[in-house]
Amino acid sequence: MSENKVFDVAVIGGGIVGTGIAYELSKYKLSVALIEKSVQVTQGATKGNSGIIHAGYDDPEGSLRGELAAKGNKRYDDWSRELGVGLKRPGSLVLAFDESGIEYLNKLKKLGDERGVPVEIISKEEVIAAEPNINSEVIGALRAPTAGIICPMRFVNFLFKNGVKNGVTPFMDHEVTGFELSDDKIQKIITSQGNISAKIVINAAGAFGDTVSSFAGIDKYEIHPRKGEYILLEPHPDYNVNHVIFPTPTKESKGILVVPTETGDILIGPTSENLHKNSSDDLTTSNLGLQEVFNKTRQLVPGLHTGLTVKTYAGNRAQPNTNDFIIEKYNTPDNFINAIGIRSPGLTAAPAIADMVIEMVEEITGALELKENFETIKFESIDQSKKALSNIEWADSLTPNLDSPSMPLMEKAWDFGVKKELYNYFCFSDRGLGVDLGATFQNEMIKILLERGLNYNEILFRLKDSQQVTVKE
Ligand SMILES: Cc1cc2nc3c(=O)[nH]c(=O)nc-3n(C[C@H](O)[C@H](O)[C@H](O)COP(=O)(O)OP(=O)(O)OC[C@H]3O[C@@H](n4cnc5c(N)ncnc54)[C@H](O)[C@@H]3O)c2cc1C
C-alpha cells in the first residue's frame, strides 16, 4: 500500500451502506478507498437479513429511517437498472386475525396515505384468493404493492464490482483500529495493515460503527446487536406464497415473516433477540430460535414444513441508542461523516443513505463533478461470461470480481488458503439465497470439503455451534 497517496474519500465498511456510498461516489471525479475488515464485502448485517425492500409506510413519523426507506424503495429501480441485478416487487401483506389487528391495519393505512405510499386494506376473500396457503382464519390484510425483494449479497457484490470498475480502490482484510487526529481533522486512518490517508472519512461500519465513531472523538453513540435467525426452504406447493407475508407487527419488530425470495425459495424468520454489546459477531443459530421461527410462521402459513431446508442462518441488526439512523457530519473533526446505526430498514434505505452522504461530501468539498466515462458491468453480461470460468487463468484475472465461481475456481480458493471458510465464503457471497445452492452446488461443495479432510459439522453448519433445523413439527 502506498502510504503517500491521499484519497479524496475513504469509506469504512463494505456492507450495503458503505459499498453503496462508494459506488455512488465512483460516479464523480474523486479518488475513493473502500476499507473492509473482512476478506470480502457483504459480511455483516447485509448478508443476514430478509432481503425485503420495504414499501416504507410504517416507520415512526419524523424519523430519518422512515424518510429514507420511502425514498430508498423508489431508488432501487435505478440501482437494479444500472447493475442489472434482480428486483422483484411482489408486494407485501400484513395479516389481521382479529378486530384489534384490523384496527392496527387502519393505522398503518393512514400512515401510508400520509406518506404517499400506496396501501390498501383487502378482505378475507381477497387474501385467500391471492394466497391460497394462508391460514384461513385471516380476516383481512393490508396490501402494499410496492414492497420488493432482492438478493442483498448479489446487490452488494455488483455495487462493489462496479465501484472498483469505476476506480474505487478496495482495501479488503483491513480493520480500522484508530485515527490520527490533529487540526480538527482525521489525518490518517490506522488499519491492521498500515495507514490510509483521505481528505474525507465516512464511517459505515455497521454494528461496529460506534467504536469507529469513538476513534474520531464522537463517542455518544452506542450500538447493540439484535439477532435474527432464519430458515431457508426450497419451494413447495404446501407453503409457497406470492407476497411477503407479515403478521400484525409488535413494538420491537415487524414480526416473523414468510418471504418468497428473489430466486424463488421461501425464507422464514427472523427472531428478534437483544444480545450483549460484545456479541456482534455471534451469528449462530439455535434450536430455540429456529423453533420460534417455525411456530410463529406456521400460524401464518399452516402448511409449512422443514423437510426441504436449504440452510439456517442469522444476522445481527445494529440497534442504535437513538433508535434511528445516525447520518451526520461534524465540526470536529470536520472531515468525518457517520452513516451508522443503520438498523432495519437499512437495506431498503441504502440508496437514499448514499444520496444523503454524497450531499454531505459535496457540502465539504464545495462541488462535485460527474465523470464522463462512468459505466457499469451488468449482471447479465457477467452471467454469460461465467461459462468461461473453467479457464482458470482467465478466471484468475477476474478475482475478486466473480459472480458464480466454478469448481476449479473454488479449488484454487482452497489452495489460496480459504479452506474451511470456503463453504460459507461462496454460499453467502454471490450464490445468494438460491435453491441451486441447496441442491447441486451444495452437494458438490460438501463432497469437495469432505474429501479434503474437513469435519462434517464444520461444513454443514454455517458457523461452529450453529444448529441445523431440528424443529418439532
Ligand atoms: C435479521 C435482520 C433482518 C433484516 N431485514 C431487513 C429487511 O428485510 N429489509 C431492510 O431494509 N433491512 C433489513 N435489515 C437491516 C439491514 O440488513 C441493515 O440495515 C443493513 O444491512 C446495514 O448495512 P450496513 O452496511 O450499515 O452494515 P453491515 O452490513 O453490517 O456492514 C458493515 C461493514 O463494516 C465492516 N466493519 C466493521 N468494523 C470495521 C472496521 N473497524 N474496519 C473495517 N471494516 C469494518 C463489517 O465487516 C461490515 O462488512 C435486517 C437486518 C437484520 C439483522
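The model is predicted. Its protein chain holds 14 helices and 19 strands. Of the 473 residues, 47% are buried. Among contacts with a separation of 6 or more, 75% join residues 24 or more positions apart.

**Ligand shell**
- The shell around the ligand has 41 residues, and Gly-15, Gly-44, Gly-206, Gly-228 and Gly-346 come nearest.
- Helix α1, strand β17 (309-320) and helix α8 each give two or more residues to this shell.
- By class, the shell splits into 16 nonpolar, 20 polar and 5 charged residues.
- Domain 1 (1-87 + 149-222 + 321-377) and domain 2 (88-148 + 226-316) each supply at least three shell residues.

**Helix α1**

**Helix pair α2 and α8**
- The axes of α2 (residues 64-83) and α8 come within 6 Å and cross at roughly 95°.
- Angles of 65 to 115 degrees count as roughly perpendicular, so α2 is roughly perpendicular to α8.
- On the α2 side, the contact includes Arg-65, Leu-68, Lys-71, Tyr-76 and Trp-79.
- On the α8 side, the contact includes Thr-348, Pro-351, Ile-353 and Met-356.
- The residues of this contact divide into 10 nonpolar, 3 polar and 4 charged.

**Backbone points to check**
- Most residues other than glycine have a negative phi, and most peptide bonds are trans.
- The peptide bond from Gly-269 to Pro-270 is cis, with omega near 0°.
- Pro-270 sits in the loop between β15 (266-269) and β16 (273-274).
- The bond from Ser-344 to Pro-345 is also cis, with omega near 5°.
- Pro-345 is in the loop between β19 and α8.
- Asp-173 is not a glycine, yet has a positive phi of about 60°.
- Asp-173 lies in the loop between β8 (169-171) and β9 (176-182).
- With 14 other C-beta atoms within 10 Å, Asp-173 is partly exposed.
- Asn-323, also not a glycine, has a positive phi of about 60°.

Terms used:
Residues numbered from 1 in each chain as written. Predicted model: local features only at pLDDT ≥ 70, side-chain atom pairs only at ≥ 80, totals over all residues. Helix = DSSP H or I, 4+ residues; strand = E, 2+ residues; numbered from the N terminus. Buried ≥ 20, exposed ≤ 12 C-beta atoms within 10 Å, placed from the backbone. Contact = placed C-beta atoms within 7 Å. Near = placed C-beta within 6 Å. Nonpolar A, V, L, I, M, F, W, Y, C, P; charged D, E, K, R; others polar. Domains from an automatic or database assignment. Axes fitted to C-alpha atoms, helices over the stretch in contact; angles between N-to-C directions. Parallel < 35°, antiparallel > 145°, perpendicular 65-115°, else oblique.
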